[in-house]
Amino acid sequence: MDAFAILLNACILGIVYGFAEESKMIDEVKEFDNILKEENALAVLFTQACCICTECVEAEVLLGGMSKELEDNLAILVLRVKEQALKSRYGIKKVPALAFIRDNKTAIYDGQFEFDALYYWMQDNRQPLTVDLDDSNFEHLTQAATGATTGDWLVVFHDGTCCKNRELIHLEDAGIKLRGRVNVASLDTRIAPETVKRFKVSSCPHVIFFRHQKLYRFSLPDITSKTLRKFSEGFYKNSKAEVVPLPASFFDKLTDKTVEFIDQHQLTLIIVLVGTTACTALYLIYTLVKPNPHKKTE
């Protein structure tokens, strides 16, 4: 009986501990998300939950000493995160790791944890490189069909769900490496139906490289920072070159709207047409059979 009681108490303690750990995880994730909404720039250091990682301790000491200078000079808030759920969100597999988040766009630091290297990297990349495109600004910014005086563009098309957060992080990382040579951008297909139709985007995520009024569809198996750079720097030549189609004209848009309206209201239009035809026919019959009051009676 005593053994059973001990076992039961151990099980209860295990369950309580499990719930406590889960609650702690939820609290940390919730707190992180709240800070993310309030701050424009975060330097997030991912470390181990305990201090067995010497590199983690050194990185913590370094970021701790830099925190005031970063906040005062660059308006960057420094956070330390241990929760595995947040590591998975940002694709962190090895610690220590630093994610630089500004305006909800994330870049992963891949240099040495040294004061000068880290500080100047964050200073140089204080503004995100990824541009948000939609129907209203696509052609104006990219000039894809009119000569591309703004340079080459690498664009990831996504619907907000198919494109994982890690893929957009890879895009931002590629933008940092390609700075001055290639512009990088993301386009949410849910708010850009005209652009999606223009470039016949049917898969998600879908990557297109625009260069000299031609477009090249991404053909590598995985979307990573390395493959995006490789594709933009020359591998695009292995893909079929397509002429960039011109933006839809006002007449094209009007025609599309008309066709779309007809498709959506076929039954209503048929009823209206049949009703109008029937009323017209009845009116004509009535005018033919109606006696003429001005006609003299024999």
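The model is predicted. The protein contains 10 helices and 10 strands. Of its 298 residues, 35% count as buried. Taking contacts between residues at least 6 apart in sequence, 72% join residues at least 24 apart.

**Six-stranded sheet**

- Six strands make up an open sheet in the order S5-S7-S6-S8-S9-S10, and the pairing is mixed.
- The edges are strand S5 (131-133) and strand S10 (242-243); each has a single partner strand, so one side of each has no neighbour in the sheet.
- S5 pairs with strand S7 (residues 182-188) in the parallel sense, over three bridges.
- Within the sheet, Asp-132 stands opposite Ser-186 in S7.
- Helix H6 (residues 165-177) packs on this sheet, where it touches strand S6 (152-158) and S7. The direction of H6 makes about 160° with that of S7.

- Strand S8 (residues 206-211) and strand S9 (residues 214-217) run antiparallel and are joined by four bridges.
- Ile-208 stands opposite Arg-217 in S9.
- S8 and S9 form a hairpin, with two residues between the strands. In the turn, His-212 has a positive phi of about 50°.
- S9 also pairs with S10, in the antiparallel sense and over two bridges.
- Opposite Val-243 in S10 stands Lys-214.

**Val-156 in strand S6**

- Val-156 is found in strand S6.
- Its relative accessibility is 2%, and the cut-off for a buried residue is under 20%, so Val-156 counts as buried.
- Leaving out residues up to four places away in sequence, Val-156 touches Cys-163, Leu-171, Ala-185, Ser-186, Leu-187, Pro-205, His-206 and Val-207.
- One of these contacts, His-206, lies 50 residues from Val-156 along the chain, and the two C-alpha atoms are separated by 5.8 Å.
- Another of the contacts, Ser-186, is the residue in S7 that Asp-132 stands opposite.

**Four-stranded sheet**

- A further open sheet has four strands in the order S2-S1-S3-S4, with mixed pairing.
- S2 and strand S4 (105-108) are the edge strands, and each pairs on one side only.
- On average, neighbouring strands of this sheet are turned by 25° against each other, with direction ignored.
- S3 and S4 are paired in the antiparallel sense over four bridges.
- The bridge partner of Arg-102 in S4 is Lys-105.
- H4 packs on the sheet and touches S1, S3 and S4; the direction of H4 makes about 25° with that of S3.
- H6 lies across S3 and S4 and runs at about 65° to S4.

- H2 has a kink of about 40°, centred on Met-66.
- Met-66 is also one of the buried residues of H2, the others being Cys-56, Ala-59, Leu-62, Leu-63, Leu-70 and Leu-74.
- The buried residues of H2 pack against strand S1 (41-46), strand S2 (77-81), strand S3 (97-102) and helix H4 (115-124).
- Just after H2, Ala-75 takes a positive phi of about 55°.

**Packing of H2 on H4**

- Two packed helices are described by the angle between their axes and by the distance between the axes.
- For H2 and H4, the axes come within 11 Å and cross at roughly 30°.
- This crossing of H2 and H4 is right-handed.
- On the H2 side, the residues that meet H4 are Leu-62, Leu-63, Met-66, Glu-69, Leu-70, Asn-73 and Leu-74.
- On the H4 side, the residues that meet H2 are Phe-115, Leu-118, Tyr-119, Met-122 and Gln-123.

Conventions:
Residues numbered from 1 in each chain as written. Predicted model: local features only at pLDDT ≥ 70, side-chain atom pairs only at ≥ 80, totals over all residues. Heavy atoms only, no water. Pairing = 2+ DSSP bridges. Contact = heavy atoms within 4.5 Å. Axes fitted to C-alpha atoms, helices over the stretch in contact; angles between N-to-C directions. Bend = angle between axes of the 7 residues up to and from the residue. Buried < 20%, exposed > 50% of the residue type's maximum accessible area, 1.4 Å probe, protein only. Left-handed = near helix turned anticlockwise from the far one by under 90°.
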